[in-house]
Amino acid sequence: GLLDLYAKIRMHDYFLPTQTAGPLFAIGGVIANSVHGGFSGESFLSAYVLRLRVMLHDGTIRVIEEAEELKQWRNSYGLLGLILSAEFALHRRPRLQMTARKLTIPSWEEASFFDVLTLTGALNVSQAHLPAAATGGERSASFTELFFDPITLEAVLLSGKVNEHANEPGVCSGRPGIAESEYRRKRSELVIDEARGNVGLIAYSDAVRRWGAPAILPLTPIQGGAGLFSPSGMKQLALGPLGVTAGVQQGVLSTNDGFIVNKVPNTYYGAFFLPPERLFAALDFLREEHLRRDALQDVHFQWNGVAELRFVTVGDTATLSPVPPGVYGV
């Protein structure tokens, strides 16, 4: 899994060019699917695969390294065979700073919304890709992510800066001295084996490689039940003291590798790739839907999570890419 990879490369200040919110994925999974990270100038994680060792349907083992064939294997959803091993391009980042700020979006207007991202969050997206209402900032952040409640507009703004831009006073920028032991601890942590009926325990790294991210307790059925998070519970979890800000603080102190979550709520997630010029209109529609559902108090369906926003630059690197090349808010 990604945690196993980072336990090796982080000790030498190497990182994948982009990365997810947590080390919750099998390496083969991020290559065979359209898993994106949060670095605004980077594409899907699969874009950075340089070479693959695979098994075809007839048991033949091959090494894939020719550009056009790699393009077919990236985002191939398991259709071509099994991915046995992979070689990635890496970036060296001796300095990494992550900060999380709690705030309230001042007003629900496009200019105000983008001011939070560009002026406060130092969003690194060219003005040419932003709507006219957006004011350009210093563009020094490698990743800028916003988690917000569409009803109250309460939010947490996450910013990450690397190398020469990681110069904010009082913020950790290097690799913590306990990083190696923390990776050992995280990989060996025992979690409930969800794939076997929640009976028995399994090491965290084994769970990620086999089944995916362990869930935040209590485990609850996806179709509903008395133990599920309430409609406001998920929002409070993400924006409260045990949510994104705590994840950043814990991550910085332990391994400072850009990851902020290790487990996920048992709920559905969906991602939409939106051109920045259409982003606010789409979020405005989402906010109206949240307000409408909240007013109805419909027991059959309630939005129970925050909206999350990050930016990616999709390249022409996969035959089955879900979107054309371009800059997107996700």
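Start by selecting strands β6 and β8 (residues 154-162): nine bridges join them, and they run antiparallel. Keep in mind that this is a predicted model. Strands of a sheet pair through backbone hydrogen bonds, either parallel or antiparallel.

What is the order of its four strands? Read across the open sheet and you get β6-β8-β7-β11, with antiparallel pairing. Select β6 (96-104) and β11 (307-309) at the edges. Each has a single partner strand, so one side of each is left without a neighbour in the sheet. From one strand to the next, the twist averages 15°.

Now go to helix α1, residues 2-9. How many of its eight residues are buried? Seven are, so the helix is mostly covered. Colour them: Leu2, Leu3, Asp4, Leu5, Tyr6, Ala7 and Ile9. Then look for the cover. It includes β1 (14-15), α2 (27-32), α5 (179-188) and α6 (204-210).

Last stop: the surface. Select Tyr77, Leu79, Leu80 and Leu320. They form a nonpolar patch, with about 390 Å² of accessible area together. Zoom in on leucine 320, in the loop between β12 (311-314) and β13 (326-329). Why is leucine 320 called partly exposed? Its relative accessible area is 40%, and partly exposed covers values between buried, under 20%, and exposed, over 50%.

Note on methods:
Residues are numbered from 1 along each chain as its sequence is written. This is a predicted model: local features need pLDDT of at least 70, side-chain atom pairs count only at pLDDT 80 or more; totals for chains, interfaces and linings use all residues. Side-chain values use heavy atoms; hydrogens and water are left out. Two strands pair if DSSP finds at least two bridges between them. Helices (H or I, at least four residues) and strands (E, at least two) are DSSP runs, numbered from the N terminus. Axes are lines fitted to C-alpha atoms, for helices over the stretch in contact, and angles run from 0 to 180 degrees between N-to-C directions. Buried means under 20% relative accessible area, exposed over 50%, partly exposed in between (1.4 Å probe, protein chains only). Contact means heavy atoms within 4.5 Å. Patches are made of residues with over 30% relative accessible area and no salt bridge: like charges are joined within 9 Å, nonpolar side chains (Val, Leu, Ile, Met, Phe, Trp, Tyr) within 5 Å. Accessible areas come from the Shrake-Rupley method with a 1.4 Å probe; for residues, only the protein chains shown count as cover. A salt bridge is a side-chain nitrogen of Lys or Arg within 4 Å of a carboxyl oxygen of Asp or Glu.
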